[in-house]
Amino acid sequence: MPSIGKKFPREPTVVLSKILTITLLSGMLFSQEIFGQPLQFNHKAVFSIASWVIYAALLFGRVRYGWRGMKAIRWTLAGFALLLLAYLGSKFILQVLLGR
C-alpha cells in the first residue's frame, strides 16, 4: 500500500494558492474603503501573508527541487497552521502571545 506522502497531489495546493492570492489582493485593495487605511498590519494580515509565502515556497520547491511526500505535507501543514492562527486564533494571539 503506498503511503500518503508518495501520492500527495499538487493540484489542490495550486488551486488553493490562487484563491489565497486573490483573497489577499482583494483584501489589500478594499482595505482603504473599509478601514480608511491602505493596509492594517495586524496579526491577521501578517499570518495571512506569511502563509502565502509558505505556499509560494512550497510550489516553487515542487517545481524547482521536486519536493514530494512528507516534505510537501510539512510545508502545507505549516501554511495551514498560520492561516488557522490568522482567522481563528485572534483570542490566542491577543491573550497568550501579546498578553492583553
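Start with S31, which sits in helix α1. Helices here are DSSP runs of H or I with at least four residues, strands are runs of E with at least two, and both are numbered from the N terminus. Is S31 buried or exposed? S31 counts as buried because its relative accessibility is 5%. The cut-offs are under 20% relative accessible area for buried, over 50% for exposed, and partly exposed in between, with a 1.4 Å probe and protein chains only. Leaving out residues up to four places away in sequence, S31 touches G36, Q37, P38, L39 and Q40. Contact means heavy atoms within 4.5 Å.

Before going further, the provenance. This is a predicted model, in which local features need pLDDT of at least 70 and side-chain atom pairs count only at pLDDT 80 or more, while totals for chains, interfaces and linings use all residues. Residues are numbered from 1 along each chain as its sequence is written, and side-chain values use heavy atoms, with hydrogens and water left out.

Another residue of helix α1 is S26. S26 is partly exposed, because its relative accessible area is 29%. Between S26 and P12, 14 residues apart along the chain, the C-alpha atoms are separated by 21 Å.

Now the overall picture. Along the principal axes, the C-alpha atoms fill a box of roughly 50 × 30 × 20 Å. Of the 100 residues in the protein chain, 27% are buried. Among contacts with a separation of 6 or more, 68% are between residues 24 or more positions apart.

Next, the packing of two helices. Helix α1, residues 11-35, and helix α2, residues 43-64, have axes that come within 10 Å and cross at roughly 145 degrees. Axes are lines fitted to C-alpha atoms, for helices over the stretch in contact, and angles run from 0 to 180 degrees between N-to-C directions. On the α1 side, the contact is made by T13, V14, S17, L20, T21, L24 and M28, and on the α2 side by S48, I49, S51, W52, Y55, L58 and L59. How do these residues divide by type? Nine are nonpolar, five are polar and none is charged. Here Ala, Val, Leu, Ile, Met, Phe, Trp, Tyr, Cys and Pro count as nonpolar, Asp, Glu, Lys and Arg as charged, and the others, Gly among them, as polar.

One of the α2 residues in that contact is S51. S51 is buried, because its relative accessible area is 0%. Apart from neighbours within four places in sequence, S51 is in contact with L20, G79, L82 and L83.

In helix α2 there is also A50. Why is A50 called partly exposed? Because its relative accessible area is 26%. A50 and L77 are 27 residues apart in sequence, and their C-alpha atoms are 13 Å apart in space.

That leaves L82, found in helix α3, residues 70-88. L82 is buried, because its relative accessible area is 17%. Not counting residues up to four places away in sequence, L82 touches F47, A50, S51 and I54. From L82 to V96, 14 residues on in sequence, the C-alpha distance is 16 Å.

That is everything I have for today.
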